[in-house]
Amino acid sequence: MAMKLSGCLCGQFHSSGAGMGLAEDRVSVPIPFYVLEHADGVALFDAGVPAAMLDRNDSYLAALQGQGMDVSLAPEETVTARLEALDIDPARVRHVVLSHLHFDHAGGLRELPNATLVVQRREWEAGFEPELSARYGLRKRYFDLGHPVVLVDGEHDLFGDGSAVCVPSHGHTPGHQSLRVRSEQGDHILVGDACYSCEVVETRAFPDYSDHDAMNASLDRLLALREPGTVMVYGHDRSQWGETPVLPTARA
Ligand SMILES: [Zn+2]
C-alpha cells in the first residue's frame, strides 16, 4: 500500500552545545515532526512545539529561558500551518505516534483534536508519576488533553501492513519509541531523541538526565535494524534539514 512520508520543521531549539551533545558553545537545532499519508488516514510521528510559543511571554518559554534554552517559532512553522501547507486539515489527523512526551514532540497536540495518541505504556505512566515526570521534564499540560490513547508495550504495527512500526527505544525518557517507516520515499527509521544527530551516533554524548546504558543499547538496536538503503532520521540533526532535506518537506 503506497504511503507518503514527509517532514515538517516546527521552529528551532536553542541551547548550549553540550545540551545537544555538540561541541560548539551555543547551537540552534531544528524541531521536526513527520507526516504519514496512508490510505487508512493521516498519522503524525511527533507533534512539534505548542503554537502558544508564538507568544514570547509564554510561561514555559520563560522557564526554558531561565535554564539557558530558547525556542524560536514563526507563524508559518506551527503544526497547523505546516499541515495546511500540505493540504491537510489538522482535524483530519487520526493518529499521533509520540516518540516521547517532551514539549517539543507533544507540544502541538492541542491543535489535533481528533487524533488518537499512540504511546509506549511506560512513557505515559511516567508522565503521571511525580518523580519521573519531574526528572525527565514531562509536562501534563502538553499531553494530558483528553485524547484517546493507545498504550503500547513494545513493537506496534500502526496500520497493520508493516508500513509504520513503533520500535521501543527507551533511555532518553522512560518509554521513548522510534518509528520504522516503509513508504514511497524509501525505508526510514525515524529515530526521535533516541539520538539527536549523526554526530551523537559516534560520540554517544547523551543528555545528563537520560539513562545512558539504556540509550546506548537502544541506539545499537536501531542501528542493527538498518537494511541496505535504510535512512536514519535523527531527532534534531542540522545537517539533515539544511540545503537538502532528508525528506520531502512543506516550507511555507
Ligand atoms: Zn526533542
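This is a predicted model: local features need pLDDT of at least 70, side-chain atom pairs count only at pLDDT 80 or more; totals for chains, interfaces and linings use all residues.
Is C10 buried or exposed at its relative accessibility?

1. Cysteines. C10 counts as buried, with a relative accessibility of 0%. The structure holds 0 disulfides. For C10, the closest cysteine sulfur belongs to C8 and lies 8.7 Å away, too far for a bond, because a disulfide requires two cysteine sulfur atoms within 2.5 Å. C195 is in no disulfide either; its nearest cysteine sulfur, in C198, is at 8.2 Å. C195 is buried as well, at 1% relative accessibility.

2. Zinc ligands. Four residues coordinate the zinc ion: D104 and D193 through OD, H105 and H236 through NE2, at 2.0 to 2.3 Å. Along the chain these donors follow the spacing D-H-x87-D-x42-H. D104 is buried, with a relative accessible area of 6%, and H105 is buried at 1% relative accessibility.

3. Zinc geometry. The angles among the 4 donor atoms run from 87 to 164°, and the site is irregular.

4. Largest pocket. The volume of the largest pocket is about 620 Å³. Its lining consists of 26 residues, with F13, M69, H102, Y196 and Y209 nearest the centre. Elements giving two or more residues to this lining are β1 (4-16), α1 (59-66), α3 (103-106) and α5 (130-136).

5. The lining of the largest pocket divides into 13 nonpolar, 8 polar and 5 charged residues.

Key:
Residues are numbered from 1 along each chain as its sequence is written. Side-chain values use heavy atoms; hydrogens and water are left out. Donors are N, O and S atoms within 2.8 Å of the metal (3.2 Å for Na, K and Ca); water is not among the atoms, so sites may look incomplete. Four donors count as tetrahedral if all angles lie between 85 and 135 degrees; four count as square planar and six as octahedral if opposite donors are over 155 degrees apart and all others between 65 and 115; anything else is irregular. Buried means under 20% relative accessible area, exposed over 50%, partly exposed in between (1.4 Å probe, protein chains only). On a 1 Å grid over the protein atoms alone, a cavity is a set of points where a 1.4 Å probe fits but cannot get out, and a pocket is an open set with protein on both sides within 12 Å along at least five of seven lines; lining residues have an atom within 4 Å of a point. Grid points are joined across faces, edges and corners, and a volume is the space filled by probe spheres set on the points. Helices (H or I, at least four residues) and strands (E, at least two) are DSSP runs, numbered from the N terminus. Ala, Val, Leu, Ile, Met, Phe, Trp, Tyr, Cys and Pro count as nonpolar, Asp, Glu, Lys and Arg as charged, and the others, Gly among them, as polar.
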